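Have a look at the sequence and the 3D view below.

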Amino acid sequence: MQLGAASFGELVHELISGAIIALEPTPGFARASADEIEAAIADASTAILHAWPLQRSVPPPILWHTVIEAARRTARGLAADDQVRSDTRSWTEVPFGQGGGTGEGAPWDTTITVPIEQTGLVFGGRMDRLDIRATGNGARITDYKSAKPPPRHQRIALGQGRELQRVLYAIAARALLPGVRTVVARLVYLADDPAIFELKGDELDAVVSEAAGYLSAAMTILRSGRIAPRWEQDADYDDMRLALPSDRETYLRRKASEFRAANQPLNKLWSAST
């Protein structure tokens, strides 16, 4: 018996958040020693071991073993960072576009929603981690993944739509930090040897433009009323699957050509290798 992948991911994110919060602003994550980072992870682990059994139906022995593995991945992931400039400030679980208060300690007004040009969309969310130089001219966004990484030689842009999140974070950082000239958006995989995949400069600009184009196409499809599933693997994420015929497989095969036609503007994204 063990925690599911989603719960394990939440656990890792909570450990990362707890460790970075404990180190900011003093001594600062960028200035903290290896021993200070290790102690912060240990304290965050202890807090989870006390809190989770009261909040979730997780047997303490299973939680204890899982926290050990999650702490190991957290330590290796944080240690795998490139050398961060000592004048860099780090935030974690950074909200934006949220209702309510202004977000105490956040680097921006968290109530401001972010527009995506040409789509008519505005959005909000929460970033896993944000690093900003003291000069205000550079920012780095990190989206942590507790799963195993793809091959290191593989380029990851939108990942067939699965990795849209970090691109949206980059759009948000540019909108909310107008003084920033350089934005880096990273995926950091924590299983096995930590692997880091970055988008920056012209490559990030191109992916942001590509994402905006696909989002605009998706809005056109939604407004047309011709909304179709992508493929059978989407079944776990389809909120309307109970409304489909009981013989779902036969239905999907019969409707496959119509579905492809309805989704044609997005087929290039879904079949892309990156």
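The report below goes through cores, helix packing and a few backbone details.

## About the model

This is a predicted model, in which local features need pLDDT of at least 70 and side-chain atom pairs count only at pLDDT 80 or more, while totals for chains, interfaces and linings use all residues. Residues are numbered from 1 along each chain as its sequence is written, and side-chain values use heavy atoms, with hydrogens and water left out.

## Two nonpolar cores

Let us start inside. In soluble globular proteins, nonpolar side chains tend to be buried together. A nonpolar core here is a set of buried Ala, Val, Leu, Ile, Met, Phe, Trp, Tyr and Cys residues joined through side-chain atoms within 4.5 Å. Buried means under 20% relative accessible area, exposed means over 50%, and partly exposed is in between, using a 1.4 Å probe and protein chains only. The largest nonpolar core has 39 residues, and those with the most contacts inside it are F96, W108, F123, M127, L130 and I141. The elements that give it two or more residues include β1 (88-96), β4 (125-133), β5 (138-145), α4 (164-176) and α5 (201-224). Of the elements, α5 gives the most to this core, with 9 residues. Helices (H or I, at least four residues) and strands (E, at least two) are DSSP runs, numbered from the N terminus.

What does M127 touch? Leaving out residues up to four places away in sequence, M127 touches T92, E93, V94, F96, W108, I141, Y169, A172 and A173. Contact means heavy atoms within 4.5 Å.

## Helices side by side

Two packed helices are described by the angle between their axes and the distance between the axes. The axes are lines fitted to C-alpha atoms, for helices over the stretch in contact, and angles run from 0 to 180 degrees between N-to-C directions. Angles under 35 degrees count as roughly parallel, over 145 as roughly antiparallel, 65 to 115 as roughly perpendicular and the rest as oblique.

Helix α2 (residues 34-55) packs with α3 at an angle of about 150 degrees, and their axes are 10 Å apart. That makes α2 roughly antiparallel to α3. Residues of α2 including I41, I48 and W52 meet residues of α3 including W64, V67 and T74. By class, this contact of α2 with α3 has 12 nonpolar, 2 polar and no charged residues. Ala, Val, Leu, Ile, Met, Phe, Trp, Tyr, Cys and Pro count as nonpolar, Asp, Glu, Lys and Arg as charged, and the others, Gly among them, as polar.

Now for the other pair: α4 and α5 pack at an angle of about 105 degrees, with axes 10 Å apart. That makes α4 roughly perpendicular to α5.

## A closer look at T74

Is T74 buried or exposed? T74 lies in helix α3 (residues 60-79) and counts as buried because its relative accessibility is 1%. Not counting residues up to four places away in sequence, T74 touches V12, L15, I16 and I41.

## Backbone details

The peptide bond from E24 to P25 is cis, with omega near 0 degrees, and the bond from T26 to P27 is cis, with omega near 5 degrees. P25 lies in the loop between α1 (5-23) and α2, and P27 lies in the loop between α1 and α2.

E93, in strand β1, has a phi near 50 degrees, a positive value in a residue other than glycine. E93 is partly exposed, with a relative accessible area of 23%.
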